[in-house]
Every structure is written in C-alpha cells, then in structure tokens.
Amino acid sequence: MSARESFNPESYELDKSFRLTRFTELKGTGCKVPQDVLQKLLESLQENHFQEDEQFLGAVMPRLGIGMDTCVIPLRHGGLSLVQTTDYIYPIVDDPYMMGRIACANVLSDLYAMGVTECDNMLMLLGISNKMTDRERDKVMPLIIQGFKDAAEEAGTSVTGGQTVLNPWIVLGGVATTVCQPNEFIMPDNAVPGDVLVLTKPLGTQVAVAVHQWLDIVSDHASRVSSVSSRLSSSSRSARGLRPEKWNKIKLVVTQEDVELAYQEAMMNMARLNRTGVGRGLPLAGPGELVSVCYTDRKRLLCRLAAAGLMHTFNAHAATDITGFGILGHAQNLAKQQRNEVSFVIHNLPVLAKMAAVSKACGNMFGLMHGTCPETSGGLLICLPREQAARFCAEIKSPKYGEGHQAWIIGIVEKGNRTARIIDKPRIIEVAPQVATQNVNPTPGATS
C-alpha cells in the first residue's frame, strides 16, 4: 500500500514554510476540557442515568450518560430513532486535504461506535483563522472542504450545510445524523463479566504528530544555519550541534525514518472510517481523486459489514470510540454507562511502532502508557463475548473489507463497580507501519 505524497505548500503557491498546524496552539482532540471538570459542568443536563428508561411520546427512551457522545431520540412515528452526534477538532496534520478527511472521520466515529453503519446527513462546521492571508485562505480551505466531502461520500452520505465563521484558530468539525430502526444500533450499556475488550486502531497518534513537528523544527533550524555555515570556522560549526530540546530527548530511541513512517501511519489511521477498511485501500492521490471501494452495491454491502457492521455480526455488548480522553478515559466513561456491575481491565496496549519508546523517553509528557494520551479519530473499543472476540479480530483483517484493518484483544470485563483501569505493567504491542517505506518522503534538511 502506498503512502500519500507529502503536502508541498509551494505546489499551491504558498510559502514553503506554511504549516496548517501553526494556526492553532492545541492539536486534534488534545483540546478536551479535563474529564472531571467536564463531568461537573454537564451533570445538570442529566440526572442519574442508571434510573429506568423513560417514556417519550409513547416510546421507550434509552438512557445515555453524559460521558457518551451520541444521543438516541425516539421519533414520533414508526418506531424509529434519531441518532445524532457532533464534534470538532483543531488541525493535527499539515496536509489540508487529509485534515478534512480526518475531521469528517472523527465526527462519524461516534455513530459507528453505536453500531450504526449508515449516516443520512452531515453538516460541516468550519472556523477560518483570521491570521491567514487571503491567499492562504483561498488555497487551503477548499482543500479541507474537499477532504471532508470525499470522506463523507466514502461513508455513503453527503454534506448539505453547516456553519462557517472567522476564528483565531482553525476549527474543523460537523454534525452527523441518521434515522434508525431499533435493530440498526447497539446501545453501549450491556457488557457482562467474561466479555473481552477489543481495539480496532493502534494508539499513539498524538505522539507521532508531535515528534514529527519536532523533526520539522529541527529541519527549520538546520536550514537557517546552513545558509551561514560557509562563514563558520570548524570550531564554531560545532555549535550547530545544538538541537531543539525536545528532539534531543528522543533521537537516541527513534530515527528520522521512524518518525516519518509513524506520522504517515497515524495520518492514514486517523483518516480511516471506523465503518470500513477502505481508508487504507485508497491511494489518496489528491483532492477530487477519491477512489472508493464503496461505489458498487456489492461493495457497499461489504463495507457495512466491517468495523461497526461486525459489531452486529459478533453480538457486541457495548462500544465507544477513543479520542481526546485517551483509552483509559473513554474506557472509564463506557464502564460508567453499563447496566451491570462490571469493571474493565486493560492488559495490552497496541501502539504505533517506536512511539512507546518515544513516550518513555519523554517522561510523563504524553501519558501514553497510562492511557491518558489523547487520540484523534481513534479506533473503536468494543465489548465482545469471549467466544466471539478472536473471530471478530480475524474477520476484520479479511481482504474483502479493504486493506489494512487490524484489531487486538486488549483486556477483560469482570465483576466490579463500573470503573476501568490499566494494569501496572501492560504489554506493549508494537504495531508496524503498513505504509510503504520507499514512498515516505523525509522532511528536507532534518537529520537523525
């Protein structure tokens, strides 16, 4: 599978130093309000969610806790329910087109965590930075919109409206809405002791994009000093060995190529829909050149069976997607939602290759090993019957769902008090990059 060619600002008549991520001070879903603060702010919106389901217009209204990101509202007619979610993030990668795809995948993910496989409509929320020049705005924002639109079309839906405003930072998000029959979604509250926990994307996206940015800073530093290197004596030239402090922390455990591969892998994972496996199968040649394996009815059927669809096939009891609170935070939210008195215990952490070593070298900067590192457009954390989990993991790797899907059994559900924890020394599963090494373009001017 080929990686997407690196975004080149000069190809769009922009300065070569243009970086989308410089139009925000927070990255991706690393902008979350702390979990305990958010719970207090929102508790007035919903009383004790362990009370019995309520009646709404004559229909049973399922109860979803404030920690969950999707609402389920029974409609007035036909026994149908409205399932809806909204989300937005800040730029986390510098490729505008891919950033649009990631933003769309991130919005849709909450629907897929409910086992929903069809989205009826999307709105796009767009904040354009007032720090952008007219040229930057006119060249970059259409690429973001195209990426969002292409990902929506890959999901079998369309963008019919939204809201666009000026803002100090770029903001990317939307609303996803669908109308479902009761058998078309899975309430995330039926985990039982003996279930196992399955994760469908590796962790470490925030680490990968952060260290790639450090590498970019090293590149800028190297470019600046090279312009005057001819005037330096050999003794003075040794001063050029000083690198940005953050890169110095990790250069002994990771190479430039490792960082580039992890970044490409993270970008492709974030852009992949939790509905399908086609995100990896796409060559992603450029805006407007989307090649989707979902265009025929037969292949649409196969797409519906992957990820979210397989939750139905293998009798999933609950699920959530992993985003800004990290795997532990979202596991805790899901545990609190359960009707049965259960707890989640996580034993294994699948992590993008070399990112665990990077995180360890950086001390507590990321919190990856503690499960608190934010993810953007992360995988689904699914509670499955023990006898079904291995089959789910094997089935999702099938070529018929598109190239590159993986899933890992990472923990268990046991009797408990609706909490989640990671064991003291979890097993780290190094997830090798699936992008082709020869197609990754190293950052110019950087050295390992």
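**Aromatic pairs and nonpolar cores**

1. Welcome to this structure! The count of aromatic pairs comes to 6. Keep in mind as you look that this is a predicted model.

2. Start with F18 and F23. Their rings form a tilted pair, with 5.7 Å from centre to centre and 40° between the planes. Are these two residues buried or exposed? Both F18 and F23 are buried.

3. Next, find Y90 and W169. Their ring centres lie 5.1 Å apart and the planes meet at 85°, so this pair is edge-to-face. The pair joins distant parts of the chain, since 79 residues separate the two. Y90 sits in the loop between β4 (81-89) and α2, while W169 belongs to the loop between β6 (159-167) and β7 (171-180).

4. How do Y90 and W169 stand in terms of accessibility? Y90 has a relative accessible area of 13%, so Y90 is buried. W169 has 21% relative accessibility and therefore counts as partly exposed. Together with Y88, these residues make up one aromatic cluster.

5. Now turn to the nonpolar side chains. The largest nonpolar core holds 96 residues, and those with the most contacts inside it are V93, L108, M122, I327, F344 and M355. Which helix gives the most to this core? That is α2 (residues 96-112), with 11 residues.

6. Leaving aside residues up to four places away in sequence, I327 touches L199, L203, I322, I346, L349, G371, I410 and I422. There is also a second, separate core of 18 residues, including A113, V196, M311 and A316.

Definitions and conventions
Residues are numbered from 1 along each chain as its sequence is written. This is a predicted model: local features need pLDDT of at least 70, side-chain atom pairs count only at pLDDT 80 or more; totals for chains, interfaces and linings use all residues. Side-chain values use heavy atoms; hydrogens and water are left out. A nonpolar core is a set of buried Ala, Val, Leu, Ile, Met, Phe, Trp, Tyr and Cys residues joined through side-chain atoms within 4.5 Å. Buried means under 20% relative accessible area, exposed over 50%, partly exposed in between (1.4 Å probe, protein chains only). Helices (H or I, at least four residues) and strands (E, at least two) are DSSP runs, numbered from the N terminus. Contact means heavy atoms within 4.5 Å. Rings of Phe, Tyr and Trp (its six-membered ring) pair if their centres lie within 6.5 Å; planes under 30 degrees apart count as stacked, over 60 as edge-to-face and the rest as tilted.
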